[in-house]
Amino acid sequence: MKAERWQHVEHLYHAALGRGGEERAAFLAEACAGDEALRRDVESLLEYEDQAENFIESPALEVAARMMSEDQSATMVAGQIIKHYRIVEPLGAGGMGEVYLAEDKRLARRVALKFLAAHFTQDKRHLHRFQQEARAVATLSHPNVCMIHEVIETGEGRHCIVMEYVEGLSFRERIAEGRMKVGEALDAAIQVASALAAAHAAGIVHRDIKLDNIMLRRDGYVKILDFGLAKLTEKFGPHDAEDETRVLELKTAPGMVMGTVAYMSPEQARGLPVDARTDVWSLGVVLYEMVAGQKPFAGATPTDVIIAIAEREPMPLATYAPEVPTRLERIVKKALAKEREERYQTAEDLLIDLKELRHDLEIGAAVERHQQRTPTDGSAATVSNRERVDSRLLLLGLKRKRTLIFIALGLLLITGFVFARYFRQSSKPIPPTEIKSLAVLPLSNLSGDSAQDYFVDGMTDTLIAGLARVSALRVISRASAMQYKGTQKSLGAIARELNVDAIVEGSVQRFGERVQVNLRLIHAMGEQHLLSETYNRDLRDILTLQNEVARTVTQAIRIKPTPQEQIRLTEARTINPAAYDYFLRGRFYLNRQTKADNETAIEMFERAVAADPTFAAAYAELAQACVWRFFLFTPDEKQWEEKAFVAVEKALSLDSDLPEAHLARGRLLWTPSNHFPHERVIKEYRRALGLNPSLDEARNQLALVYGHVGLLDEALQELEYAVATNPSNTLARFRVGEMLLFQGKYEQALTALRNVPRDVNPALVGHQIVWALFNLGRREEASATLDQFFRDYPEDNRGLFTSLQAVLAASAGQQRVAEDKIKSAVERGKGFGHFHHTAYHIACAYAHMNKPAEAMKWLEVAAEDGFPCYPLFEKDPNLNNLRQDARFVRFLAKVRQQWESYKTIL
Amino acid sequence: MQTPSPREITRLLVAWGGGDQSALEELAPLVHTELHRLAHHYMGRERPGHTLQTSALVNEAYIRLIDWKNVRWQNRAHFFAVSSQLMRRILVDFARERQYLKRGGGALQVSLGEAASLTECRGADLVALDEALIKLAEVDQRKGQVVEMRFFGGLSVKEVADVLKVSEETVMRDWRLAKVWLLRELGREMDNES
């Protein structure tokens, strides 16, 4: 039925097609014979006849391909994979090609992919030069340079730059919102100049600095894009490829290159060779535009612009921005000098002037803020009369401003003078004695509010941690540096006490979400100032500041970080200010080492990671705090160990380069229940120390493990270094005595142990003092000391003291007493995992009693339970009765073999 | 990507025609490669008067994908039918995906007037066209096949006639009616939506 009707429609349709106009209507009316539905059916099809001619005439493949080419977003589709990059979404298209956001699947990070339009890369020479330049840029790691990760070929001869993904606005977009305040523009220009200085030092000239190439990240960070790209658009010089002379291609299409022409230097516009000073010029144009909201050189056509660049002076900045300081006007003028020789000769020179200006403006602003905070008669005003007070302040405004200007001018003069002095000094050649070690003294709290101490101490810690990354530099640990908080001692005296070549000191002040840090680097000899810097930063950029300080200081003292350290020192990470605040509070409490403070610290770190779940360092500290918690305070609460484990692994999954996390992991692993995995733990501590050579606690722990496996000289070496970086690491001092004991140097050991400050667990020090006295033949003193400790610590829950009593009794021939004490020691030590030292004493007691079978049994227990200390077993006179025993000889050979293998991992 | 041999493509096509869905996953990238090759050609390159060259490129692409000349194929009709279906499936999927991505899932169609006046089927309409084609096949299976082979499979009128064992004229008539029918259907679709 249906099919028949359809055949009918088909037939009528084709028949009607051959007829036109009225003839068709008449034909259909007749053919349908009153079947209106049929007629409408056919007619409705005929209505489309005109439109059908080209409809679906192009094959679908072509349609789809056009579709793909028409909208640029479809050139690459989301989800498409290029090598190990997965396209996420298009970011836009520029003159050079399309840019996409992509995910680097291998490194699980976001990147931007810039697909270069084919015609840019068709010329092999251009391409080659670009690739060379890209490689150079890739090695340039500066926080303000958008990193190039790699350049890949995507097939079909296309090339794609894989680069850092910068989220934010271009300065072009930023300026579209209105001109920038002087401070903001200065901040941005400083960042650009600093990046250019680094690039120029590496022999890279950008050649195309313009507002579109500078990005403002959401956190205020500035990133320069497209370093090296100019290499693709330049024409080769008239002489050929060998000639360095390259000329920017001047496209004539109006509008198209206006953006680029406006930033051209006069030499570029003339087609002359360019150098670093061209970038200085372009930055001058950018700075002008930021402040004025207008381009310095404008014109209706590119030619007009070029004429303006070559011949005209720009309008004074003050025309557009009356608040502009004269000094800024001068700086811009000098950057825009037509003759290269009259311009700033390097970006570095420009940078210095910009920084100096910002510094002075900040001091002026600080004075103003201070004045505003000074209580006036209106400060106690209630809410109801606040308005009145405000208006009175307004009336006072003019007069007060004048005094302010006076104060500010005075300060400027003074700081200008001081600055000039520092500057002269810092430009001097490096002092005769090299600086290989330094201490950062506790920064002073300028706020005068002791509630901010945690923040100021935290900043000190942060700076120490940054500097400590440089392995060529010995940096005194925070614990030792902190003892000089509020000290009256001279810098020279402190430097002598800490045995360092230089001192960093300074102050911190926090203004809401901003922080100002003033730092001075002072040579210990002659207290000469090597560096003086002021940093004014957003709290979010603290970690970047940390790196910046480390870089500046190492540069000033000419210490070269290793390439790996350099990479870490240029990482720019932003932080969540709230999380960081909790983090610093947590550190503050953690360092106080009491149970209550430990609890608070754990809470703070937990809040920090809740505020920022990607905050790796906070996880590492949380792990540390939990480790301390169950090692020092609540060993029976298993949950802390678990929590610590989770936090460590979380920290390392976020950042595998966190020294504190490796330290914590080592401590967590090295337990009786894990059977003391010495090798693994040694690796963890070494990793930690590789990342932070000044992490004295990692050295102390490493020495502890070395001591247990008999690497005694190595242990002493580590301890020496630990004490040098942190003279107040008393645990390390104790450990020195212990190692000397294992070496049989009883006299030295006793001296060392007696010098350990009392704050170390007296029982820990005590049992080794007893052992030293006993081995020196001073039995009575040993016995008396032991009795004293029993009175102070009757529980002896490891059985350690009891086992010492057994040795004393056995060596005195009191066999029954010795047996009793052994029994009691075993009883006390039950369930206490860390038993190998007690086991060793028991073995010694049995050896004294000439019971080789029992002695061997306990000796093996000691070795297997984590104490295979070959040099001790080899020499300890307490085991002399065993030396002829075949079992002992075999045992010793076995332990020796193990010891040799440990030596090979060194 | 290494281009698989015609024999391999044929094997995959047969497998897919026989219901093996995994064969599609291997075939789709081949189609996408051709799409990219063509799209690349269109991008910023094409100038008026180059249509001939374009047609040649498209033909070449089809030949690479459905290389029947080099294939010993006992049932050519079946082969063409399968490969056209395959192209339809992959291209419509591509268009659907793109539509989804571009418009956040809510496909926005070209307006009716535009659609009717379009000289070629726009991207967004590939999906709608596919749906209309399903309806056409219900009314008239052979016309559905003609469209599938001509439009999606890229076959010439003669090839379609050979496959369907009808005259070229019949194919032309089918083609002509199918087109207006589809246009009318697409128009109705949009009326309903708006």
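Strand E8 (residues 214-217) of chain A pairs with E9(A) in the antiparallel sense over three bridges. Strands are DSSP runs of at least two residues (E), helices runs of at least four (H or I), numbered from the N terminus. Pairing requires at least two DSSP bridges between two strands. Ile214(A) has Ile224(A) of E9(A) as its bridge partner.

The model is predicted: local features need pLDDT of at least 70, side-chain atom pairs count only at pLDDT 80 or more, and totals for chains, interfaces and linings use all residues. Residues are numbered from 1 along each chain as its sequence is written, and chains are lettered from A and ligands numbered from 1 in the order in which they are written.

E8(A) belongs to an open sheet of three strands, ordered E7-E8-E9 (chain A), with antiparallel pairing. Strands E7 (168-170) and E9 (222-224) of chain A form the edges, each pairing on one side only. Neighbouring strands are turned by 25 degrees against each other on average, direction ignored. Helix H9 (residues 182-201) of chain A packs on this sheet and touches E8 and E9 of chain A. The direction of H9(A) makes about 40 degrees with that of E9(A). Contact means C-beta atoms, placed from the backbone, within 7 Å.

Elsewhere, helices H26 (residues 638-654) and H27 (residues 659-669) of chain A cross at roughly 145 degrees, their axes coming within 9 Å. Axes are lines fitted to C-alpha atoms, for helices over the stretch in contact; angles run from 0 to 180 degrees between N-to-C directions. H26(A) contributes Glu641(A), Ala644(A), Phe645(A), Val648(A), Ala651(A) and Leu652(A) to the contact. H27(A) contributes Ala661(A), Ala664(A), Arg665(A) and Leu668(A).

Technical notes
Contact = placed C-beta atoms within 7 Å.
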